[in-house]
Amino acid sequence: MTPSGNLRAWIEPFGASEFIGAFVGETTTRDTIPNMPRRLPATQLCSSPDEARQWIENQAAAFDLPIKWASKIPRD
């Protein structure tokens with residue numbers, strides 16, 4: 001199956017000096033498809049927000065999908 005759609009991505013602080021880069025396929029979030037079980041995001045622990053952003057951008061390029069940056073971290 002060929003991936004399609006967008007990757008919803010975000011970066012969040014983790015502890016004093018680390019950051020988590022995260023993304024999930026946009027069609028796997030509950031706000032896109034009601035009553036659908038939410039898939040856990042792909043994550044990477046990084047030493048800076050720039051490193052996290054680069055990791056997300058590299059993953060999106062590997063899937064050949066555009067990124068939609070989330071304004072808040074999806075929690076449900």
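This is a predicted model: local features need pLDDT of at least 70, side-chain atom pairs count only at pLDDT 80 or more; totals for chains, interfaces and linings use all residues.

Biologist: How do you know that the length of helix 1 agrees with its number of residues?

Modeller: Helix 1 comprises the 15 residues 49-63, and at 1.5 Å a residue these should span 21 Å. The C-alpha atoms at its ends are 21 Å apart, so the two values agree.

Biologist: Which residues of helix 1 are buried, and what makes them line one face?

Modeller: Ala52, Trp55, Ile56 and Ala60 are buried in helix 1. Viewed down the helix axis, the buried residues lie within an arc of 130°, and therefore they line one face. On the other side of the helix, Asp50, Ala61 and Ala62 are exposed.

Biologist: Against which elements do the buried residues of helix 1 pack?

Modeller: They pack against strand 1 (7-14), strand 2 (18-25), strand 3 (42-46) and strand 4 (67-69). As for the end of helix 1, Asp64 follows it, with a positive phi near 60°.

Biologist: Why is Gly5 called partly exposed?

Modeller: Its relative accessibility is 39%. A buried residue would be under 20% and an exposed one over 50%, so Gly5 counts as partly exposed.

Biologist: Where does Gly5 lie, and with which residues is Gly5 in contact?

Modeller: Gly5 belongs to the segment before strand 1. Apart from its neighbours within four places in sequence, Gly5 is in contact with Leu65 and Pro66. Between Gly5 and Glu26, 21 residues apart in sequence, the C-alpha to C-alpha distance is 6.7 Å.

Methods. Residues are numbered from 1 along each chain as its sequence is written. Side-chain values use heavy atoms; hydrogens and water are left out. Helices (H or I, at least four residues) and strands (E, at least two) are DSSP runs, numbered from the N terminus. The expected span of a helix is 1.5 Å times one less than its number of residues. Buried means under 20% relative accessible area, exposed over 50%, partly exposed in between (1.4 Å probe, protein chains only). The arc is that of the directions from the helix axis to the C-beta atoms. Contact means heavy atoms within 4.5 Å.
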